[in-house]
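Dear colleague,

I am handing over the structure below, together with some notes on what was found in it. Please read the notes with the coordinates open beside them.

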Amino acid sequence: MNVVDKKIGKDTAAHTLRTLTPDKAFRFYREMGQPLDATSRSLGEFATVVKGVDPSSIRFHVERGDFEGWFKMLGDKSLADQVAALRGKNISPDVLRGKVSSMAATRVDQLVRVAGSKK
């Protein structure tokens with residue numbers, strides 16, 4: 001965990017991992033006006049679903065800042081900043097999907113550890 005993560009308390013971690021109402025779910029799109037049949041109502045679900053989403057959709061959302069906005073809404077500025085750092089990079093869509101997937105899965109693991117701790 002980085003220094004920022006050490007400041008996150010059990011309640012904050014649990015809040016970040018919460019399941020949202022359907023209206024707050026992240027909806028994946030291939031591009032404007034082309035929704036995919038993929039949504040996520042929690043960070044944990046996002047980490048699983050993103051692995052199977054069309055790589056061009058991942059590029060679309062990274063470049064628009066959509067993931068960052070949703071992560072911030074969940075209360076996770078750290079993950080939002082990590083994904084924001086990928087914007088504008090010349091990374092293939094497949095590699096980009098792998099990076100976003102890995103970042104989300106790692107973050108979920110970190111938050112689960114904090115949420116389950118006695119602190």
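This is a predicted model: local features need pLDDT of at least 70, side-chain atom pairs count only at pLDDT 80 or more; totals for chains, interfaces and linings use all residues.

I begin with the largest nonpolar core, which has 30 residues, and in which F28, F46, I58, V62, F67, F71 and V100 touch the most other members. At least two residues of this core come from each of the strands β1 (26-31) and β2 (34-40), and likewise from each of the helices α3 (43-49), α4 (55-64), α5 (66-74), α6 (77-84) and α7 (93-115). The greatest contribution is that of α7, which gives eight residues. For F71, once its neighbours within four places in sequence are left aside, the contacts are with L43, F46, D76, L79, A80 and V83.

Next comes the pairing of α4 with α7, whose axes come within 8 Å and cross at roughly 70 degrees. An angle from 65 to 115 degrees counts as roughly perpendicular, and α4 and α7 are therefore described as roughly perpendicular to each other. Their crossing is left-handed. On the α4 side the contact is made by P55, S56, I58, R59 and V62, and on the α7 side by P93, D94, L96, R97 and V100.

Not counting residues up to four places away in sequence, H61 touches F26, R27, F28, Y29, D66 and F67.

Turning to α5, the buried residues in this helix are D66, F67, E68, W70, F71 and L74. After α5 comes G75, which has a positive phi, near 100 degrees.

Finally, I looked at R18, which lies in the loop between α2 (10-16) and β1. Is R18 buried, exposed or partly exposed? Its relative accessible area is 22%, and because buried means under 20% and exposed over 50%, R18 is classed as partly exposed. When its neighbours within four places in sequence are left aside, R18 is in contact with R41, S42, M73 and L74. Between R18 and Q82 there are 64 residues of separation in sequence, and the distance in space is 20 Å from C-alpha to C-alpha.

With best regards

Conventions. Residues are numbered from 1 along each chain as its sequence is written. Side-chain values use heavy atoms; hydrogens and water are left out. A nonpolar core is a set of buried Ala, Val, Leu, Ile, Met, Phe, Trp, Tyr and Cys residues joined through side-chain atoms within 4.5 Å. Buried means under 20% relative accessible area, exposed over 50%, partly exposed in between (1.4 Å probe, protein chains only). Helices (H or I, at least four residues) and strands (E, at least two) are DSSP runs, numbered from the N terminus. Contact means heavy atoms within 4.5 Å. Axes are lines fitted to C-alpha atoms, for helices over the stretch in contact, and angles run from 0 to 180 degrees between N-to-C directions. Angles under 35 degrees count as roughly parallel, over 145 as roughly antiparallel, 65 to 115 as roughly perpendicular and the rest as oblique. A crossing is left-handed if the near helix is turned anticlockwise from the far one by less than a right angle, and right-handed if clockwise.
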